[in-house]
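Thank you all for coming. Please have a look at the sequence and the model on the screen, and then I will walk you through its parts in turn.

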Amino acid sequence: MAIRKILTEPNKFLRKKSLRVENVDENIQKLMDDMLETLYAAPGIGLAAIQIGVDKRIIVIDINRDKDKKSKKNHMFFVNPEIIWKSEEKLTYEEGCLSVPNQFAEINRPKKCHVKHLDYNGDFQELKAEGLLATCIQHEIDHLEGILFIDYLSKLKKAMIIKKLSKQKKENVERIVV
């Protein structure tokens, strides 16, 4: 397993629509292992393959991960995830994103969703999710469509965040070059 570099906004690749996985093989499983290790190192609770520069419809999630690593990890793998139902009832969480570092905003999403997908072994699964898990699944599936949580914000707020991130990227490059 290897920790991969996480792409950050602004980056055109993050806006790309991810491609379906045709077959869950050893290469896809290795990618999922790398994604999970990257997720834990970040640290985060969800990661889409597009965020590490791979345009495949794969996400990994572990909403139970404990930063001090005392609790058992409870990760999930989703290959070609598709939401097949969303509740009318909404829930608001303050969301952040590994690709939009140090930025947070309250986002209103369906409280529950049902998702069909392939698991780590390529077996078909259906999952009924609610609360934080439902929010995380929706957030990560958005990534597969080239959507970031900041896209739900006003144009002004989104522009301010992107400007701030662009400045941080430039400063980081300048620090490395100097």
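Predicted model: local features only at pLDDT ≥ 70, side-chain atom pairs only at ≥ 80, totals over all residues.

**Strands, helices and salt bridges**

Residues are numbered from 1 along each chain as its sequence is written, and side-chain values use heavy atoms, with hydrogens and water left out.

Within that pairing, Val-115 has Leu-127 of E7 as its bridge partner. The two strands belong to an open sheet of five strands, with antiparallel pairing and the order E1-E2-E3-E6-E7. At the edges stand E1 and strand E7 (124-130), each with a single partner strand, so one side of each is left without a neighbour in the sheet. On average, and with direction ignored, neighbouring strands of this sheet are turned by 40 degrees against each other; the axes behind such angles are lines fitted to C-alpha atoms, for helices over the stretch in contact, and angles run from 0 to 180 degrees between N-to-C directions.

Which strands does H1 lie across? The helix lies across E1, E2 and strand E3 (76-86), and runs at about 40 degrees to E2, where contact means heavy atoms within 4.5 Å.

Asp-34 forms a salt bridge with Arg-4, with 3.1 Å between the closest N and O atoms, a salt bridge being a side-chain nitrogen of Lys or Arg within 4 Å of a carboxyl oxygen of Asp or Glu. This pair links distant parts of the chain, since Asp-34 is in H1 and Arg-4 is in the segment before H1, 30 residues apart. Asp-34 counts as buried at 2% relative accessibility, whereas Arg-4 is partly exposed, at 30%; buried means under 20% relative accessible area, exposed over 50%, and partly exposed in between, for a 1.4 Å probe and protein chains only.

The structure holds 12 salt bridges, and another one of them joins the side chains of Lys-16 and Asp-55 at 2.8 Å, N to O. Here too distant parts of the chain are linked, with Lys-16 in the segment before H1 and Asp-55 in the loop between strand E1 (46-48) and strand E2 (58-61), 39 residues apart. Lys-16 is partly exposed at 36%, while Asp-55 is buried at 16%. There is also a network of salt bridges, which links Glu-9, Arg-15, Asp-151 and Lys-158.

H2 has 14 residues, and 13 of them are buried, so the helix is largely enclosed by the rest of the structure. Asp-142 forms a salt bridge with Arg-109, the closest N and O atoms being 3.0 Å apart. Since Asp-142 lies in helix H2 (residues 131-144) and Arg-109 in strand E5 (residues 100-110), the pair ties together parts that are 33 residues apart in sequence, and both Asp-142 and Arg-109 are buried. Just after H2, Gly-146 takes a positive phi of about 80 degrees.

Strand E4 (residues 90-97) and E5 run antiparallel and are joined by seven bridges, and they form a hairpin with two residues between them.

Finally, how many aromatic pairs does a search of the whole structure find? The search finds one, with rings of Phe, Tyr and Trp (its six-membered ring) taken to pair if their centres lie within 6.5 Å, and planes under 30 degrees apart counting as stacked, over 60 as edge-to-face and the rest as tilted. The rings of Phe-77 and Tyr-120 have centres 4.9 Å apart and planes at 45 degrees, so the pair is tilted. Phe-77 is in strand E3 and Tyr-120 in the loop between E6 and E7, 43 residues apart; Phe-77 is buried at 12%, and Tyr-120 is partly exposed at 22%.

Terms used:
Helix = DSSP H or I, 4+ residues; strand = E, 2+ residues; numbered from the N terminus. Pairing = 2+ DSSP bridges.
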